[in-house]
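I am opening my notebook to walk through a structure, one stop at a time. Follow along with the sequence and the model beside you.

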Amino acid sequence: MEGVQVSPLHPRRIARALLVGAALVASSGCSSEGGDLEGSVSALIDLHYERAEAQWSPGELAISFITPQGSGVNTVLKVSAVVGDMIPEGYTGPLDINLAEVLGDGAQRGAVGRSVLDEPARTFPQLEVGALKVGSTATEPGSRITGDFHVTFVNGTDVFSGRTIFGSFEATVQQ
């Protein structure tokens, strides 16, 4: 067998290779925009999104995971919660929301929906368990809200019954 001559790598080449490798790792999936939501529902529908948006309306917070579609957008998933009774006047701190909590009127605190072109608008089954956690309750347009959520739907006859969805986000507050 013939021997192969190996020359030592020059320190500058090693440093360059390490920097390029670090840049590739940093750019692969560490973006605050876009990603994939996870869970057993992902076997049935595409949960990839390009950006997350937060919408505040009187007494409600909604986090929408969207992708552009022509001149409009597809709402891949929308997690919303009734929060009017949870946020004191002027409070901007973190908030942990039990999405499966049943309110006085019998409705659940949270809901999950989807609105994608060429698909019927969808409201998912009731929640068996679910939580939405946000790092702040800032409402100024353009501010960022970070957080995560997880839901498990009740067992039943719906195709999504008993399935899960979860993910983390960094959402921009809309006007």
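**Entry 1: a residue in a loop**

I began with Arg109, which lies in the loop between β6 and β7 (110–115). Helices (H or I, at least four residues) and strands (E, at least two) are DSSP runs, numbered from the N terminus. Before going on, I noted that this is a predicted model, where local features need pLDDT of at least 70 and side-chain atom pairs count only at pLDDT 80 or more, while totals for chains, interfaces and linings use all residues. Residues are numbered from 1 along each chain as its sequence is written, and side-chain values use heavy atoms, with hydrogens and water left out.

Is Arg109 buried or exposed? I found that Arg109 is buried, with a relative accessible area of 4%. Buried means under 20% relative accessible area, exposed means over 50%, and partly exposed is in between (1.4 Å probe, protein chains only).

Next I looked up which side chain Arg109 meets in a polar contact, and the side chain of Asp85 came up, at 2.8 Å. A polar contact is a pair of N or O atoms within 3.5 Å; within protein, one must be able to donate a hydrogen and the other to accept it, and residues adjacent in sequence count only if both atoms are side-chain atoms. Leaving out residues up to four places away in sequence, Arg109 touches residues including Ser80, Ala81, Asp85, Met86, Ile97 and Asn98. Contact here means heavy atoms within 4.5 Å. I also checked Ala81: 28 residues separate Ala81 from Arg109 along the chain, yet their C-alpha atoms are 5.5 Å apart.

**Entry 2: the whole chain**

Of the 175 residues, 35% count as buried. Among contacts between residues at least 6 apart in sequence, 52% join residues at least 24 apart.

**Entry 3: the sheet**

In what order do the nine strands of the open sheet run? I traced β6-β9-β10-β11-β3-β4-β5-β7-β8, with mixed pairing. Two strands pair if DSSP finds at least two bridges between them. At the edges I found β6 (95–98) and β8 (122–123), each pairing on one side only. A reminder for myself: strands of a sheet pair through backbone hydrogen bonds, either parallel or antiparallel.

I then followed some of the pairs. β6 and β9 are antiparallel, with four bridges, and Asn98 has Ala131 in β9 as its bridge partner. β9 and β10 also run antiparallel, joined by seven bridges; there Leu127 is partnered by Phe153 in β10. Strands β3 (residues 51–57) and β4 (residues 60–69) pair in the antiparallel sense over seven bridges, and Ser57 stands opposite Glu60 in β4.

**Entry 4: aromatic rings**

How many aromatic pairs are there? Rings of Phe, Tyr and Trp (its six-membered ring) pair if their centres lie within 6.5 Å; planes under 30 degrees apart count as stacked, over 60 as edge-to-face and the rest as tilted. By this rule I count five aromatic pairs. The rings of Phe124 and Phe153 have centres 5.2 Å apart and planes at 10°, so this pair is stacked. Phe124 sits in the loop between β8 and β9 (127–134) and Phe153 in strand β10 (residues 144–153), 29 residues apart. Both are buried: Phe124 has a relative accessible area of 7%, and Phe153 has 1%.

Phe124 also pairs with Phe160: their ring centres are 4.9 Å apart and their planes are at 65°, so this pair is edge-to-face. Phe160 lies in the loop between β10 and β11 (164–173), so the pair ties together parts that are 36 residues apart in sequence. Phe160 is buried too, at 3% relative accessibility. Elsewhere in my notes, ring pairs link Tyr49, Phe65, Phe149 and Phe169 into a cluster.

**Entry 5: the core**

Last, I looked up the largest nonpolar core, which has 33 residues. A nonpolar core is a set of buried Ala, Val, Leu, Ile, Met, Phe, Trp, Tyr and Cys residues joined through side-chain atoms within 4.5 Å. Among the residues that touch the most other members are Phe65, Phe149, Phe153 and Phe169. The elements giving two or more residues to this core are β3, β4, β5 (72–82), β6, β9, β10 and β11. Leaving aside neighbours within four places in sequence, Phe169 is in contact with residues including Ala52, Ile63, Phe65, Leu132 and Ile145.
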